[in-house]
Amino acid sequence: MRKNARAAAIATAGVAALLLAGCSTGTGTGTTAALPDGIPDTVEADGDTLTVWVMQDDYNDETLAAINERFTERTGAEVDVQIQQWDGITTKLSTALATTTPPDVVDIGNTQVAGYAANGALLDITDYRDDLAQDQTWLSGLEEPATVDGTLYGIPGFAGNRAVIYNKTLWADAGITEVPITWEELTADLDALAAANPAPDFSPLYLPGQHWYVGLQFMWDHGGEIAALEDGEWSSTAGSDASLEGIEAWKEFQNAYSAESSRTVSADKPEQEQIFADGKAGAIIATNGAINAILNANPELTEADLGTFALPGQIDDTQPVMLGGSVWGIAAKSAHPDLALIWTQIAVSSDIQVDFVFGGQGLMPNSEENIAAVAGDLGETKIGFFDAALNSRATPASPGWTEVEGANLLQDLFSTVASGAATPEEAAATYDSKADEALN
Amino acid sequence: MTTRPRTGRAFAERRLPPVLLMAPAGLVLAAVTFVPLVVMVFMAFTDYDQRSLFTGEFSFVGVQQFADILTDGDFWAAFFRTIWFTAALVIGSIVIGVAISHLMTKLGGGMRTVVTVVLVFAWAMPNVAASLVWNWMFQPGYGVVNWLLTQLRVFGDMTATDWGANTGLAFTSIWLLVVWQAVPFIALTTYAAETQVGPEYIEAARLDGASEPRIYRTVTLPFLKPTILLVTILSVIWDFNVFNQIWLVSKGGPDGSTSTLGVFTYITAFVGLDLGTGAALALITALLLAAITSVYIRHLIRSGEDDL
Amino acid sequence: MSVVRRRRLGRPSSVATVIAIVFCAVWAFPTYWMVKTAFTPRPDALSSTPTFLPLNPTLENFETAIFQAGFFDNLRSSLIVTVGAVVFAVLLGLFAAAALSRFRFGGRRTILVIVLLIQMIPGAATLIPQYLVFNEAGLLGTYAGLILAYVSMTLPFSIWMMRSFFLALPAELEEAAQLDGASTWQVLTRILFPLVLPGVIATSVFTFINAWNDYLIAYTFMKDQSMYTLPVWLASFTSPLTGTDVSGQMAASVLFSLPVVVFFVLLQRKLVTGMSAGAVKG
């Protein structure tokens, strides 16, 4: 009886082991389909279907239709586009990419791509880099996180960053006539705004304490880094002297120009766009998606009431901004890597980038050349974002970065400092010990 | 074993019928619950992670995994937090639920229907929707709860209070949300049982001159005991593993101070995709929960089986 | 005399009524606030001084919600999956509970303990193992797979819940019926099952809510967006990029909650009458 039980236990353990290992079909990280030598101009793939996963609100229907139309012309294959929600996407993508029938092309945030790349979920596309780049110089903030140990796993799709959005009427009422270029001009303008709007809940520049993207800008401006890579090991460096200086500057600025109630809150509870739209803030720091959110929140505002500029730096001309955005990855286990390469090549081509990604959606294109090509068409609600992007940085290309973001470590770091619950040294020490664990 | 004629054997002694009755549920549980559980237990002894998902590579770490968890200060902090928060949730929802059930017996038909409808509405609201409503009601700057509390002029200006950013407030709003949704099930189940208390017992006690509270304590409560026991143990199990509400309100923050075992496991398994450790955590959680509830489980299993 | 009569009939007391009114006001408020916001135009909803009545009621938010991509597809998926899960969890639970409560056989307590232990394991840890098993079995991306996942999630509770209803029935029932010549199957279907109807209803309600509510399993296990369920549709109202439309979100929450409310209201009456009927017969 006991022997039987032991045998049964061993057998079930064996089955479990097979099941866990079995997902990869034994071929390691490689794909089962044959890879082409270069990206072909055309292939005969009538009847095949390419599955593409796109994150909600990243690309609109027109952009996707334009890509698909060109794709079908070149290949004869159909495209099945599936829009995915943000909540739970890590689980969804990790499990789906592990199966033998994964989506072929996936849209991944540039801060998340390193994890999938380093762990073997995505196809190594280093050999196709030139074919995909099509003579463009990709923005480094998009390409770097998708590059692990010199191997490329992602293709830049579009960029997004933060800049100051300001309420022209309020600024004019405060007697400000020109957009600030230097830190001194900025603080003088914000002081003028504060003087003109004495209400206690008014913020010259509303800056939620958990808005870590802006916190990082201060850190970078003062020469600090959030993490450093040495001999293949990541270490979290919020506690370095330069980083601490930046955190101190963040606190000073936040406390001086944003209402006290904003010290502990996040940028979406309450939404800073709503506060801005209600006239309770002279400016906010947000991505270009915020423009629409503001206009939706207050129908009396029009685009002509809004302006944008890059936040001046205390050290640099403009503060370095975190370059967000999105890259295309191809599943390592895709059955159609050739079709996936062709589709992606179209999606990142100048044609699509300039006419649709920028022209139709107002997003920042993926390369320096494409940005230069659209520079003449920038209105006042776009120019600030493009200016700010000229000095941009990326988050650490560590697979553990997803966990740092997912566990809200940065929110805690910057909000505890802003509220005075911890000194910069204390908060940085707490953060570093947790982030060190996550990064490696 | 001798075969007796069917009519000669007591119904409860039949051998084949229970096997046939159990078979469908047994098969389904074996295939869709038990097999994954075996996989999970196996995983708990390995370093299975996101990379393993894609490559199928992992190695055994054995009991070291459990040793690491059990010596992790964060784990124990989360564990004790879970214990007292579960206690607060269970006590809160049981006391209010049982009280409401008794209240309903004192109401006229019309008012009782109103209470029932109100309870059903709270119960029926899916917890995804309830959490959205909570976030909206408690939103700093625009939330109605902050506005109401400010109008009371007791707590000062609470307009901009962020409930998720303060440990005490975060727990309070999560407690309110969970209790709000838990009370209807408890109240309605208890009420259903309370309507079956024989009126003759109560009448007899009344004729003996017993006071209303005394009648409730000596007649009604003993009758309700099995029901209350069942809903209590279910509440303990559910509240111990409560996750959605905490995640949606505070994400375990600020600084991990509302991170219960459920949140801790979720972050390990789904944010870090450290599946091996997540599985080990889940096993430990289940064992601790089983140990805590073992006395009651024995009681629950024994109760009501006396006739058999 | 009149005092005694009043007590005997359990006439409502005014103190109880007052307490009940306060309780109702508190407990109904979140529901009311959801509905009120759903009927408020978006720009009015977010105001720092809330209005407690929908002064300019609008249906606009519901329009937005219904025409949000996928509502009808996902509603259909939700109905298929939820009804499937309820039917299976209740039927299988009913049979198993009958076996575990009306028959005496070795190992039944062990089975009960195992079933309860399964309930104690956090769902977060079993999701990926279950995904891997379902992947091997070809169940991913199918309604059948999702139904099975929900059945496995709710069956343990379903068994326990219905067992408690079976235990409340006196053992003499079966013996009496057998003397009348009824077979085991007849005893079960004609006598026992009808008597645990309240248990069946309570269990269906529980299973319905669990299946209707789930986000992560539906989102991870299904491949085609038209086969997602309503919680996934509901999540599309929360966008980290373009901001959350609170009015639209609340309108969507109302639409999402409505079928559950209807299901409850229909069954609630049966639940109560079923129980009192059971009490009379028992």
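Residues are numbered from 1 along each chain as its sequence is written, and chains are lettered from A in the order in which they are written. In this predicted model, local features need pLDDT of at least 70, side-chain atom pairs count only at pLDDT 80 or more, and totals for chains, interfaces and linings use all residues, while side-chain values use heavy atoms, with hydrogens and water left out.

View 1. Nine residues from domain 1 of chain C and nine residues from domain 2 of chain C take part in the contact (heavy atoms within 4.5 Å).

**View 2. Area buried between domain 1 and domain 2 of chain C.** The buried area (accessible area, 1.4 Å probe, lost on putting the two parts together and summed over both) is about 660 Å². Carbon and sulfur atoms give 72% of this area. C:Met34, C:Ala38 and C:Arg42 supply 66% of the area that domain 1 of chain C buries against domain 2 of chain C, more than any other three residues.

**View 3. Polar contact across the interface of domain 1 and domain 2 of chain C.** One residue pair, both at pLDDT 80 or more, is in polar contact (a pair of N or O atoms within 3.5 Å; within protein, one must be able to donate a hydrogen and the other to accept it, and residues adjacent in sequence count only if both atoms are side-chain atoms).
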